[in-house]
Every structure is written in structure tokens, then in C-alpha cells.
Amino acid sequence: MKRHVPNKLLDILENWLCGSHACVKWDNLWSYMFTINFGVRQRSVLSPVLYAIFIDDVCTCSKFYRYSYVIFYDDDILLLAPSVTIGILESLFTSCEVELTYLHMAVNSKKSCCLRVGPHCNKHCKNICTSGGHLIPWVDEMRYLCLFIVQSRAFKCSLDHAKRSFYRAANGIFGRIGTMASEEVILELIKTKCLPILLYGLEVCHLSNSNHWTSQLTGCL
């Protein structure tokens with residue numbers, strides 16, 4: 001309604017989403033039907049749009065704090081603040097948590113963490129506490145989506161996890177068809193199945209000489 005959507009369209013959306021029922025299938029067995037009281041339907045073209053509108057107010061929490069940002073990807077949230085010494089990060093977190101509570105959502109403290117990037121990254125920081133009394137730990141490395149961001153004086157990502165996943169996938173290909181397929185087939189499989197694992201998100205990472213892995217891959221292949 002804040003976005004001036006016509007009332008008739010809102011009535012259609014409400015009617016479409018209110019009568020949702022589901023069940024669980026396990027092999028050839030089906031559970032009893034149960035009612036879904038909230039949420040959007042998976043794989044629906046309209047669901048991402050409705051979800052984005054639903055959580056949009058959480059993203060606007062950053063406008064009250066200068067140079068702060070709230071980044072959403074699905075249900076993963078990333079809070080960026082220019083300073084932790086004057087409580088901007090803690091205030092931003094509290095504002096987002098209040099808005100999430102209003103939307104009947106909550107922060108999972110077991111999957112949440114804090115990380116500092118900048119000249120004073122090694123300095124001790126004040127612990128941030130959720131409304132439920134759970135402390136969010138400060139860590140040296142954190143995972144956001146499939147990127148591993150590390151504590152450093154400048155923004156830096158760790159490629160160790162990507163390398164291990166790449167070699168694991170490549171070894172799986174070699175172990176199954178290494179003696180039966182031609183080199184062209186193996187290289188094409190590695191290019192299709194393995195390289196995307198290694199190159200995911202690489203455009204945001206600054207590669208230093210210590211992180212240069214081209215020669216290692218050339219020797220391996």
C-alpha cells in the first residue's frame with residue numbers, strides 16, 4: 001500500500017497466497033496436508049519481487065547512519081559500517097534486528113559473526129549482542145555466500161577454500177574417467193565443472209603474488 005499498488009491487485013495477491021497448503025513426500029509416502037500461514041511460493045516468478053518488497057524496509061535502516069550499508073542476497077544479510085569504535089555497527093545491527101522482528105523474522109546468532117577490515121583490524125572491538133542476549137563473535141575469517149573474507153588492513157578474500165574445492169572436483173573427474181576419456185574431454189569437463197568453482201566471485205578479489213595460482217594449476221593439468 002505504501003507503493004500505491006491498486007487495491008484490486010492487492011486483493012488478488014492476498015487471495016492467491018492465503019490458501020496455500022503443502023505436504024511432504026518420502027519415497028512413495030505422503031504426509032498429511034498442512035497450511036502455510038506465511039511466505040511466498042518457491043519457484044514462482046513473482047515470489048522474488050514480493051520478497052524484495054517485504055524486506056525493503058530492512059535495507060533502508062542504513063539511511064540513518066552515514067556511509068553504512070545493508071546488503072541482502074536472499075536471506076543472507078551483510079551489514080557494512082565505517083567504524084566500530086563509536087557504535088555505528090551496533091546501532092545499525094539493532095535497527096535491522098528491530099525491523100526483522102516486526103517482519104516476524106530473526107537473526108540466527110549461531111550463523112552470524114563480525115569481522116573488521118582496515119588499519120586497526122587487529123584492535124579489540126566491543127562485542128555486539130542480540131536482543132536475545134547472544135553474543136556475535138569477532139572472527140578472522142567469515143563466509144558470505146561462497147566468498148571467504150578475511151581480517152586484513154585492506155579488503156581481502158581467501159582462495160584456499162576455492163582451491164580445495166577445485167582440486168576435489170578435478171580429482172573426482174580424474175578418478176572416474178581419467179583412463180577412459182581423451183584429454184579433450186577431460187579438459188572440457190574441468191572447464192565446465194571445476195573452473196567455475198575456482199573463479200566464483202574472483203572479480204571482487206585483489207590477487208597478490210602470494211595468491212597467484214595460475215602456475216600451480218598449469219603444473220597440475
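**Entry 1: a surface patch.** I looked up a nonpolar surface patch and found that Tyr-67, Tyr-69, Ile-71 and Leu-80 make one of about 410 Å². Accessible areas come from the Shrake-Rupley method with a 1.4 Å probe.

I note that this is a predicted model, where local features need pLDDT of at least 70 and side-chain atom pairs count only at pLDDT 80 or more, while totals for chains, interfaces and linings use all residues. Residues are numbered from 1 along each chain, and side-chain values use heavy atoms, leaving out hydrogens and water.

**Entry 2: Tyr-67.** I found Tyr-67 in the loop between helix 3 (56-59) and strand 5 (69-73); helices are DSSP runs (H or I) of at least four residues, strands (E) of at least two, numbered from the N terminus. Tyr-67 has a relative accessible area of 54% and is therefore exposed (exposed is over 50%, buried under 20%, partly exposed in between).

**Entry 3: helix 5.** Which residues of helix 5 are buried? I listed Ala-162, Lys-163, Phe-166, Ala-170 and Ile-173.

Entry 4: I traced an open, antiparallel sheet of three strands in the order 9-10-11 (strands pair if DSSP finds at least two bridges). Strands 9 (141-144) and 11 (157-158) each have a single partner strand, so one side of each lacks a neighbour in the sheet.

Terms used. Buried means under 20% relative accessible area, exposed over 50%, partly exposed in between (1.4 Å probe, protein chains only). Patches are made of residues with over 30% relative accessible area and no salt bridge: like charges are joined within 9 Å, nonpolar side chains (Val, Leu, Ile, Met, Phe, Trp, Tyr) within 5 Å. A salt bridge is a side-chain nitrogen of Lys or Arg within 4 Å of a carboxyl oxygen of Asp or Glu.
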